[in-house]
Amino acid sequence: MAHTTNVGVPEIAGFWEMVVIPSQFRAAAWATDPVSGVRYYVKTPKVSGQARVELLANSLYRALGIRVPLITLVTVQGRLSVASRIIPARASKMQLVAAHPEVQSGFIADAWLANWDMKSSNLLVDSDGHVWRLDQGGCLHRRALGEPKIFGPVVTEFHTLRDSVINPKAARLYGTIPQSSITAGISSVSSLSDDLIDSITRLAGFDSDTEGRLALVLKERREWLRSSLP
Ligand SMILES: Nc1ncnc2c1ncn2[C@@H]1O[C@H](COP(=O)(O)OP(=O)(O)OP(=O)(O)O)[C@@H](O)[C@H]1O
Ligand SMILES: [Mg+2]
């Protein structure tokens, strides 16, 4: 069942200054809130549930202490959209981020959240050398352009994200991940309680069927990771 209401989600068209970015894949714009002066990248996915996927995955990364931009749901002419607060950083080239320790230390979170869209253009490196993960729209049960994907209890991404045949862009990014990063990542995901996963999932505002299913699978995947530790 699709989410049917955007109650409480603010409409920004006509209020924020918008510079539209031409794209054949989705509506997107650079936007400024004229009251606060804060700048955002705003994108309107074709599938509206994808905005909620991005919010949920982003919030779970945040709960794990992994750098992601602050995002908020807005509507643009009534269509559910994601506003991502601008991180002042250079666009990243593969050589800046390949095998970066913060790319490697976030691998278990990427696998847990089924982030198939890990690639250099979805990462930024700030002036302190920290890596920021942008674009969580290809996580959970969605692919980058909103198509559905299987998001089940087995964390197949534990292998596939590092397989240069299946996902060459991601595999290049991770390089050879030290076992210590894997172990630390699994203990970090394992530390998220059922209650925390439930409440973060609830805040994303899915219909109750989708909310229940996602929260359950997230917990099953957390257990799968826990049980894969020697
Ligand atoms: N919070 C942000 N701070 C700085 N730059 C951003 C931010 N969000 C997005 N961008 C820039 O906009 C680009 C597109 O963002 P994003 O990947 O979220 O959207 P997208 O529409 O899915 O694009 P693509 O299909 O190219 O992946 C990013 O590669 C980055 O250069
Ligand atoms: Mg992207």
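**Ligand shell, domains and core**

Guide: Let us begin with the ligand, in what is a predicted model. Strands β3 (39–44) and β5 (79–85) each contribute at least two residues to the shell around ligand 1.

Visitor: Which residues of the shell around ligand 1 are the closest?
Guide: The shell draws at least three residues from each of domain 1 (17–85) and domain 2 (90–227). By class, nine of its residues are nonpolar, four polar and four charged. In total 17 residues surround ligand 1, and the closest are Tyr41, Pro69, Ser84, Ile87 and Asp135.

Visitor: Is Tyr41 buried or partly exposed?
Guide: Tyr41 lies in strand β3. Beyond its neighbours within four places in sequence, Tyr41 is in contact with Trp30, Ser84 and Ile86. A residue needs 20 or more other C-beta atoms within 10 Å to count as buried. Tyr41 has 19 and is therefore partly exposed.

Visitor: How far apart in space are Tyr41 and Ala28?
Guide: The two residues are 13 residues apart in sequence. From C-alpha to C-alpha, the separation of Tyr41 and Ala28 is 7.3 Å.

Visitor: Which element gives the most to the side of domain 1 that touches domain 2?
Guide: The C-alpha centres of domain 1 and domain 2 lie 19 Å apart. Across the interface, 22 residues of domain 1 are in contact with 27 residues of domain 2. The side belonging to domain 1 has 14 nonpolar, four polar and four charged residues. With twelve residues, the element that gives the most to this side is α1.

Visitor: What span does α1 reach from its first C-alpha to its last?
Guide: Helix α1 covers residues 49–63. It has 15 residues, and at 1.5 Å a residue the expected span is 21 Å. The model is close to this expectation, with a reach of 21 Å.

Visitor: Is Arg62 buried or partly exposed?
Guide: Arg62 also lies in helix α1. Its C-alpha atom is separated by 22 Å from that of Leu96, 34 residues apart along the chain. Inside 10 Å, Arg62 has 15 C-beta neighbours, so this residue counts as partly exposed.

Visitor: What residue follows α1, with a positive phi?
Guide: The phi in question is near 80°. The residue that follows α1 with this value is Gly65.

Visitor: Which residues does Leu140 touch?
Guide: Leu140 is one of the core residues that touch the most other members. Residues up to four places away in sequence are not counted here. The residues that Leu140 touches are Val53, Leu56, Ala57, Leu113, Ala114, Phe151 and Leu214.

Methods. Residues numbered from 1 in each chain as written. Chains lettered and ligands numbered in written order. Predicted model: local features only at pLDDT ≥ 70, side-chain atom pairs only at ≥ 80, totals over all residues. Near = placed C-beta within 6 Å. Helix = DSSP H or I, 4+ residues; strand = E, 2+ residues; numbered from the N terminus. Nonpolar A, V, L, I, M, F, W, Y, C, P; charged D, E, K, R; others polar. Domains from an automatic or database assignment. Buried ≥ 20, exposed ≤ 12 C-beta atoms within 10 Å, placed from the backbone. Contact = placed C-beta atoms within 7 Å. Expected span 1.5 Å × (residues − 1). Core = buried A, V, L, I, M, F, W, Y, C linked by C-beta atoms within 7 Å.
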